[in-house]
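Take a moment to look over the structure shown here, and then follow the paragraphs below as they lead from one part to another.

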Amino acid sequence: MQDKKITSACDTCSHFNADGLKKLGVNTDNFDFVIALAGNPNTGKSTVFNALTGLKQHTGNWPGKTVVRAEGAFEYNDQKYKLVDLPGTYSLLSTSQDEEVARDFILFGKPSVTVIVVDANRLERNLNLVLQILEITDKAVLCLNLMDEAKRNMIDIDERTLARDLGIPVVPTSARFNTGISELIQTVSDVANGKIICKPHIVRNIPNNIMKAVEKLSAEIKVQFPEIPNSRWIAFRLLEGDESIINALRKNEFT
C-alpha cells in the first residue's frame, strides 16, 4: 500500500510556466474538468503530478500505511483542471485496497480524462493495466514516461503505431526534466474539450459463448444505465462475480 504526503513551499500560491500552464497547488475549487492520473507503481506518476500542480508529493511503499489519493490543480487556456493522483496499481480487479480505490474512481468518479502513466522501459508489463482502463473509459491519454531512460537503454518506441493500436493519444515524456509536459497538457485539453475523439482498443479474442453472454448482459445494463460508457466491462465483472460491482448496481451508484 501507499502513503502519500503533499507539501509545498506555498500550497495556496499559483505560478505560470512559459507554456501557459498555471500551477494551482491544492486549490481545487471551481474546476472545469477532473483528470485522473493512473499507472503502475514506479512509473514516475507522482513526478507528472508535481510537474502539473507545483506540489511536492512523495510516495512510499511501506506495509500498513493508509491508501489515499492526492489531489491538486492546474489551469490551462482559462480552464481549471482538478488532478487526482490514484494509487499505483497493476490491475483494476479490486483484489487489494489500492486497486479498489483506483478502479472505483475511474468507474464512479467519471473523470473527464484519464492519463495513464507508463514506464517506457517496461511497456509490456504496463499494458495490462492500460487495456483494463480502456475497457472502463473512452477518454484517455497514454503518458509514455521515463523516455530519457529508454533512450539510454536504446529502447525505441513507435509512438504513432502505439497510438493507432490503442486508439488513444500517446505522449512521450521525461517528467523529471519537464520534457513533454507541454504536449501532455495540450493533449489532455484536446481530449477534455472533445477536439480529440478516442477510439480505445477493445480485447476481442474471447470465446463465443462468453462473448454472447457479455453482449446480452451489456445490452441490459445499457437500458438501465444509458449514460455509462463501460457496460461491457461491467458485464465482464458481473460474470466474474465481482461483489463490489454487484453492490454498486444494487445501490444505483452508476447513475
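Which helix gives the largest share of the lining of the largest cavity? That share, three residues, comes from helix α6 (residues 181–192), where a helix is a DSSP run of H or I with at least four residues, numbered from the N terminus. The model is predicted, so local features need pLDDT of at least 70 and side-chain atom pairs count only at pLDDT 80 or more, while totals for chains, interfaces and linings use all residues. Residues are numbered from 1 along each chain as its sequence is written, and side-chain values use heavy atoms, with hydrogens and water left out.

The lining of the largest cavity is made up of I35, L52, F74, L83, V115, L184, I185 and V188. By class, this lining has eight nonpolar, no polar and no charged residues; Ala, Val, Leu, Ile, Met, Phe, Trp, Tyr, Cys and Pro count as nonpolar, Asp, Glu, Lys and Arg as charged, and the others, Gly among them, as polar.

Elsewhere, two helices pack together. Two packed helices are described by the angle between their axes and the distance between the axes. For helix α7 (residues 208–224) and helix α8 (residues 231–239), the angle is about 120° and the axes are 8 Å apart, the axes being lines fitted to C-alpha atoms over the stretch in contact, with angles running from 0 to 180 degrees between N-to-C directions. The contact of α7 with α8 has 11 nonpolar, two polar and two charged residues.

Finally, E100 lies in helix α2 (residues 97–108), and E100 is 11 residues from T89 in sequence and 9.4 Å from T89 in space, C-alpha to C-alpha.

Technical notes. Helices (H or I, at least four residues) and strands (E, at least two) are DSSP runs, numbered from the N terminus. On a 1 Å grid over the protein atoms alone, a cavity is a set of points where a 1.4 Å probe fits but cannot get out, and a pocket is an open set with protein on both sides within 12 Å along at least five of seven lines; lining residues have an atom within 4 Å of a point.
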